[in-house]
Amino acid sequence: MGIGKATALLEDLIEKAGGCAVVDGGFATQLERHGASINDPLWSALCLIKDPDLIKRVHLEYLEAGADILVTSSYQATIPGFVARGLSLEDGELLLEKSVKLAVEARDKFWDAMDRVLGHSYNRALVAASIGSYGAYLADGSEYSGYYGSDVTLDKLKDFHRRRLQVLVEAGPDMLAFETIPNKLEAQACIDLLEEEDIQIPSWICFSSVDGENAPSGESFKECLDIINKSSKVNAVGINCAPPHFVDSLIRKFRELTEKPIVVYPNSGEVWDGRAKRWLPSKCFDDDKFELFATRWRDSGAKLIGGCCRTTPSTIRAISKVLKGRS
Ligand SMILES: [Zn+2]
């Protein structure tokens, strides 16, 4: 697949979805609802080892809810993370591969079943391999502060991401999703890797935001998007895991800064306390509010809309219903 084809894949999906495609919702949240224990530095990646069937089940729940894009369970799955748990390098790589395979299997199973249903309104979903930020691996809340310390250089970030990126791409996802990127340096590392590895599938880069105006590091989104705009390997750019009340103004800001399609999948508005490792209730969004805001976000120019932490299949069903006019 060349760059033109990579762009077309995402654009076709957006068009088939009626102008705005639906991304799935919180993964760990749904695993927990099914009783999985994810109180671990590996977070939902732990489930890849302990209960892969449950991962597939959650993917299927999001497909049924109307997700056009499934994001894999590899957000916090990293080779150094697995090695720190006593796994071999080889087993760590197999788990990364498995995160893609499970999502592809769920998608294929769902799509085969839908093929026999007359007049259904689903699209064949794309599988996006999740690549969480370096901060997500550190599990110290730095994906929301953007501060990695002065010893973390561009090369160090590229080294951290390279092998995982290679393994995920070899496993055959439709696209890549870089998530909760907190600063310009890590965005540059992602872009450099896409170029150096000559990745042929589409990708998006999503930033988190804690003030509703800038990247968590305090760097302006103009600085961050200027470097992304220079790369043809990045096919969409946006925001994930920020509170929903920031999203509308960030979409408008991004529209002035880039021509690339904009993707947003905020969390529910609860606040993650990275040190205490728990959710603090605040301006929380329920599904009705997501439904209302999803149309506003579309009207402001978002082309891909979904949910992040603490959103569920019922959130995604509400978004899908309102965006696709499905009853
Ligand atoms: Zn999140």
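Which residues of E5 sit on one side and which on the other, and are they buried or exposed? Ser203, Ile205 and Phe207 are on one side, Trp204 and Cys206 are on the other, and all are buried. Buried here is a matter of counting: 20 or more other C-beta atoms within 10 Å of a residue's own, with exposed meaning 12 or fewer, partly exposed in between, and C-beta atoms placed from the backbone. In a regular strand, side chains alternate between the two faces of the sheet.

A word on the source: this is a predicted model, where local features need pLDDT of at least 70, side-chain atom pairs count only at pLDDT 80 or more, and totals for chains, interfaces and linings use all residues. Residues are numbered from 1 along each chain as its sequence is written.

Strands (E, at least two residues) and helices (H or I, at least four) are DSSP runs, numbered from the N terminus. Two strands pair if DSSP finds at least two bridges between them.

Tryptophan 204 stands opposite alanine 177, and its bridge partner in E6 is alanine 236. From E5 the chain crosses through helix H10 (residues 221–229) to E6, a right-handed β-α-β crossover. Right-handed means that, with the strands pointing away from the viewer, the path from the first strand over the helix to the second runs clockwise. E4, helix H9 (residues 184–196) and E5 also make a right-handed β-α-β unit.

Zooming out, eight strands form an open parallel sheet, ordered E1-E10-E7-E6-E5-E4-E3-E2. E1 (21–22) and E2 (69–71) stand at the edges with a single partner strand each, so one side of each has no neighbour in the sheet.
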